[in-house]
Number of protein chains: 2
Amino acid sequence: MTAPSFPISEIVASRRPHRKDAARNYDALLAAAREAFAEHGAEASLEDIARRAGVGIGTLYRNFPTRRHLFESVYADEVNTLVRVAQEVAEQEPWEALTAWLDRFAGYMVTKRAVREALNDESEIFTACRDSMYAAGGPLFARAQEAGQVRRDMDFVDLLRMVSGITATAFDDDAQRDRVLSIALDGVRVSH
Amino acid sequence: MTAPSFPISEIVASRRPHRKDAARNYDALLAAAREAFAEHGAEASLEDIARRAGVGIGTLYRNFPTRRHLFESVYADEVNTLVRVAQEVAEQEPWEALTAWLDRFAGYMVTKRAVREALNDESEIFTACRDSMYAAGGPLFARAQEAGQVRRDMDFVDLLRMVSGITATAFDDDAQRDRVLSIALDGVRVSH
DNA sequence: GTTGAAGCGGAGGGTTGCCTCCGCTAGAGT
DNA sequence: ACTCTAGCGGAGGCAACCCTCCGCTTCAAC
């Protein structure tokens, strides 16, 4: 949990191709997949993803032989971003750093809820990415806890579950979501 | 919000048929649908539901002409139960009554998340049921708020969103879910 | 018991999505 | 410029699902 964060780009199964046109298609497919998964969930149609990316279905299958490959690639990409953000907020005050990171975490979780739903712990990539994310956010949590700002009878995973659960729900508007999230975080914070 | 709760059985679109075999099939279909929706979400296959119920696909369509009819019937059934529970807990202390009701609310929300997801506010049945549920739980919330046990800067809907969001998430075990939920509720309760 | 209508099941036609295969295209190295 | 191979797209076979339609079955009223 307190291990240093590490990049995971290298363990991603499907690699970006070298040729120029192929690389362009690869990127378009990944972007289309992220979009489609966010919109339709894990069941999004692969043919639709290929259509969105403006490539043939064959090209999709060449780059990502299975639906799982697509999930894993999108997921790995998101996690990399989350790791980077953890480094960026590291110099803020403990509680502020934690909530700032959670804010980003929430945003990315909304997008990739579909991916997580499909990648049951079976996947090596998934567990590696998850470990990497824990390694990035865990220290922020531990620091806030040691600073006496977070209650001791909960752990980092509890907090992530809480935040992702709340942010995954449909709200009337952003204000309501923020309000509810901050109320729940009041339960997390030690009343000073 | 403070209007008395009312039964909604009568406004359900599709009625239970009179003939013995038909009634049995109707019940079997509803049970199978609830199960299938809980398991596979709103996209559950209707042919699979008919299979589970042990009836032909034609029988399903006769009782529930559209997928929406099925959703509405399952949903109405759940809400009726929730209204009944609200009456049962009414005599407990404000905070205890509220959390006891929320506990049931959470249980039923897990099952019918799929139904809510599919029944966008368009449906008359849906809005009627939702109103009925608010009318049942709202007074419990108001009472706890007036007793000074619930913070004033949130409303009943905020609370329902919070609870349903958290309980809809996958947890490692029931203990973790209860722990996280109670932490979030600590944010809701006014520190005495 | 008879009877007629309410109810039944599933065949079948259409749609959509999954994945493979292969003849064509165009980028990259010489 | 030439080549040759990595890469391309989509036709096509298969499966699942949606929903309709209709001949057969079974309940229940008399």
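**Figure 1. Helix α7 of chain A crosses helix α8 of chain B.** The axes of α7(A) (residues 156-168) and α8(B) come within 10 Å and cross at roughly 70°. This is a predicted model. Angles of 65 to 115 degrees count as roughly perpendicular, so α7(A) and α8(B) are roughly perpendicular to each other. Their crossing is right-handed. On the α7(A) side, Val157(A), Asp158(A), Arg161(A) and Met162(A) make the contact. On the α8(B) side, Gln176(B), Arg179(B), Val180(B), Ile183(B) and Ala184(B) make it. Sorted by class, the contact of α7(A) with α8(B) holds five nonpolar, one polar and three charged residues.

**Figure 2. Helices α7 and α8 pack within chain B.** Here the partners are α7(B), residues 156-168, and α8(B), residues 174-188. Their axes come within 10 Å and cross at roughly 160°. Angles over 145 degrees count as roughly antiparallel, and α7(B) and α8(B) are therefore roughly antiparallel to each other. The crossing of α7(B) and α8(B) is right-handed. From α7(B), the contact residues are Leu159(B), Met162(B), Val163(B), Ile166(B) and Thr167(B). From α8(B) come Arg177(B), Val180(B), Leu181(B), Ala184(B), Leu185(B) and Val188(B). By class, the contact of α7(B) with α8(B) has nine nonpolar residues, one polar and one charged.

**Figure 3. Chain B meets chain A.** The contact takes 23 residues from chain B and 24 residues from chain A. About 1,800 Å² is buried between the two chains. Carbon and sulfur atoms give 56% of that area. Three residues stand out on the chain B side: Asp158(B), Arg161(B) and Ile183(B). They supply 31% of the area that chain B buries against chain A, more than any other three residues.

Note on methods
Residues numbered from 1 in each chain as written. Chains lettered and ligands numbered in written order. Predicted model: local features only at pLDDT ≥ 70, side-chain atom pairs only at ≥ 80, totals over all residues. Heavy atoms only, no water. Axes fitted to C-alpha atoms, helices over the stretch in contact; angles between N-to-C directions. Helix = DSSP H or I, 4+ residues; strand = E, 2+ residues; numbered from the N terminus. Parallel < 35°, antiparallel > 145°, perpendicular 65-115°, else oblique. Left-handed = near helix turned anticlockwise from the far one by under 90°. Contact = heavy atoms within 4.5 Å. Nonpolar A, V, L, I, M, F, W, Y, C, P; charged D, E, K, R; others polar. Buried area = accessible area lost by both parts, 1.4 Å probe.
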